[in-house]
Structure formats: structure tokens, C-alpha cells
Amino acid sequence: MMGNLFRGELIRLAAMDAEKMSKAWEHWNRDALFRRLLDNEPPTLWSARKIQQWIEKELERGDQRFSFSIYPLEGERLIGFVELNVTNWQHGNAWVGIGIGNREDWGKGYGTDAMRLVLRYAFDELGLYRVTLGVFSYNQRAIRSYQKAGFVVEGRERGALSRDGERSDMLVMGILRPEWEAQQGAMYKAAGGRDEDRN
């Protein structure tokens, strides 16, 4: 029997509260490295009010965008977000984006755990077939995390990004439902379960 859909080994997912997220995002934005790892736009400083307006607008797209806040299992300290954007329902395709805000929370497995939860949501609950993401070649920590969650590199946009006088590649990574199902079976067996016991 499946456990709590929104609870992992290290974190839990919660509904995104625009006001709470905007205050956290305003703080995270002050770290230029966080922004440089997150997207290819120049780091900018937005007010909490402007961020909240943007989040509220994005949350209105509920038929194709599924947004979650990330919290440790215990406590109410917001540590990040994960968003699943369905790009085509007919073909079962979606993009995913994730961010862990504070540096002290990086490298602790929170992102990998959150990604595993959102993949289960994508494949089991939404019935999707593939999930795709983009990541910069210099973000090796994120690449390793995505690989642990089952993503594989599918493509590379060479020299797509210019930062500090150097060119970096944009990697496209993806995971298909059969690959995710095989990974779940392997993890279940590694934990001592038998296929006939699975529901």
C-alpha cells in the first residue's frame, strides 16, 4: 500500500502559500549563486510584493502547473519549492523545476527526495509519460541529484550560457514512466520486498 503521497524520507511537500513563499524568495534572491544555479536570467532583486503577485498569477494556471513548497519532515521552515508544468496532456509530457533556497540546506538530499516525490505524483497520479528538466553543466551537484532520481542526459545545448567570461552548456535531462517504474521495482527489491507483495 502506498504511503503518504506528499511525504518522503527527508521532506514533505505542501501547498504553495504565495505570501510565505514570496518572503522566502525575497531572501533567497539575495544570494546571486542561488539565482545562477536556478535560471539563466541575470540575478535581480524583487520585492516580496512583486514576487507574491507573480506567484499568485502562476498558481492560477492550476490545470497545467502543480506547485509545491518543500519543508523538512519536522517543523515549518520553508526550504524550497518544486513545480511540475504539464506541457502536453495528450502525450503525457511535463517539465519540472526545483530549488532549495538556503546554502546550508544544499547537499543534504532534500532536493533528491522532493524530486522523487514529484515524479511519483507525475507518473502515478497524473498519468504522465515523460518528465524533462534543464540544468547548467556547471551545476554538478544538481546533475548528480537528478541522476539519483532517475533522470538521464538526453541532449546538450553547447555554449548556451555566458557567465563570468566563460561559456557553459545547457543539459536537457529526462525520465520516462517505464524507467521510473523499473527504478521503483529495483528499490523495492533492494529493501527486501517481493514483486508479488506490491500493490
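A salt bridge is a side-chain nitrogen of Lys or Arg within 4 Å of a carboxyl oxygen of Asp or Glu. Searching the whole structure turns up 10 salt bridges, and the views below show some of them. This is a predicted model, in which local features need pLDDT of at least 70 and side-chain atom pairs count only at pLDDT 80 or more, while totals for chains, interfaces and linings use all residues. Residues are numbered from 1 along each chain as its sequence is written, and side-chain values use heavy atoms, with hydrogens and water left out.

View 1. Salt bridges with shared partners join Glu58, Arg65 and Glu83 into one network.

**View 2. Aspartate 39 with arginine 35.** In this salt bridge the closest N and O atoms are 3.1 Å apart. Arginine 35 counts as buried because its relative accessibility is 8%, whereas aspartate 39, at 21%, is partly exposed.

**View 3. Aspartate 169 with arginine 156.** These side chains meet in a salt bridge of 2.8 Å, N to O. The pair links distant parts of the chain, 13 residues apart: aspartate 169 sits in strand β7 (residues 166-176) and arginine 156 in strand β6 (residues 152-163). Aspartate 169 is buried at 17% relative accessibility, and arginine 156 is partly exposed at 48%.

Terms used. Buried means under 20% relative accessible area, exposed over 50%, partly exposed in between (1.4 Å probe, protein chains only). Helices (H or I, at least four residues) and strands (E, at least two) are DSSP runs, numbered from the N terminus.
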